[in-house]
Amino acid sequence: QYQGYKKALAKVGDRLVKEGYQLVFLPFHFPDDIAPSREIVNLMEEPATVIRDQLGVVEMLGCLSPMHLLIGMRLHSLIMAAVMGVPVIGISYDPKVEAFLKSIGQPLAGRVETLDAEVLAGEVRRVLAKREEAVADLNEAVAALRVEARDTGRLALELLKTN
């Protein structure tokens, strides 16, 4: 029901293409993400690509790995990009998105209901200007989460053994 975020993304997308970046829209919630992606591309003046096929996890990771940046709303897009060492900027529709971004020290550009193109563009400029630093910080945060995940698994196994 929200339309303003599409205009904001189109505006920022046009700026990125003019700066030499290629925009790719990946449908993490297939097929529901295809229509809004097409709507955003139709609002743009510059070309962008919409992946129209359902990709598996390995294919999705392969698409993400060469990216300079991911702007995402879907939690799984943010998680996969982070695992691949791709800096992320989140747009929140749910507190879980905000919580994940906070846990990995990555920026939140705003909420889907009120996304502002200038705020998003500012975050994009900031991240891309210090991309190497963002990647290093992200890799450090993801490494810490991997340790936590292993500890959680170990604790669960110990609980199963004692019962």
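Trainee: Which residues in H5 meet which residues in H7?

Mentor: Phe100, Ser103 and Ile104 of H5 meet Leu138, Ala141 and Leu145 of H7, contact meaning heavy atoms within 4.5 Å. Helices here are DSSP runs of H or I with at least four residues, strands are runs of E with at least two, and both are numbered from the N terminus. This is a predicted model, in which local features need pLDDT of at least 70 and side-chain atom pairs count only at pLDDT 80 or more, while totals for chains, interfaces and linings use all residues. Residues are numbered from 1 along each chain as its sequence is written, and side-chain values use heavy atoms, with hydrogens and water left out.

Trainee: At what angle do the axes of H5 and H7 cross?

Mentor: Two packed helices are described by the angle between their axes and the distance between the axes. For H5 and H7 the axes come within 8 Å and cross at roughly 105°, the axes being lines fitted to C-alpha atoms over the stretch in contact, with angles from 0 to 180 degrees between N-to-C directions. H5 and H7 are therefore roughly perpendicular (65 to 115 degrees; under 35 is roughly parallel, over 145 roughly antiparallel, the rest oblique).

Trainee: How far apart are the axes of H4 and H5?

Mentor: The axes of H4 and H5 lie 10 Å apart, at an angle of about 15°, which makes H4 roughly parallel to H5.

Trainee: Which residues of H4 are buried?

Mentor: In H4, residues 75-83, the buried ones are Leu75, Ser77, Leu78, Met80, Ala81 and Ala82 (buried is under 20% relative accessible area, exposed over 50%, partly exposed in between, with a 1.4 Å probe and protein chains only). These buried residues pack against helix H3 (57-64), strand E3 (70-72), strand E4 (88-92), H5 (95-104) and H7 (131-162). Just after H4, Gly85 takes a positive phi of about 75°.

Trainee: How many residues has the largest nonpolar core?

Mentor: In soluble globular proteins, nonpolar side chains tend to be buried together. The largest nonpolar core has 27 residues, and Phe25, Met44, Leu115, Leu120 and Val124 have the most contacts inside it (a core is a set of buried Ala, Val, Leu, Ile, Met, Phe, Trp, Tyr and Cys residues joined through side-chain atoms within 4.5 Å). Helix H1 (4-18), helix H2 (34-43), E4 and helix H6 (117-129) each give two or more residues to this core, and H1 gives the most, with seven. A second, separate core of 19 residues includes Leu75, Ala82, Val97 and Ile104.
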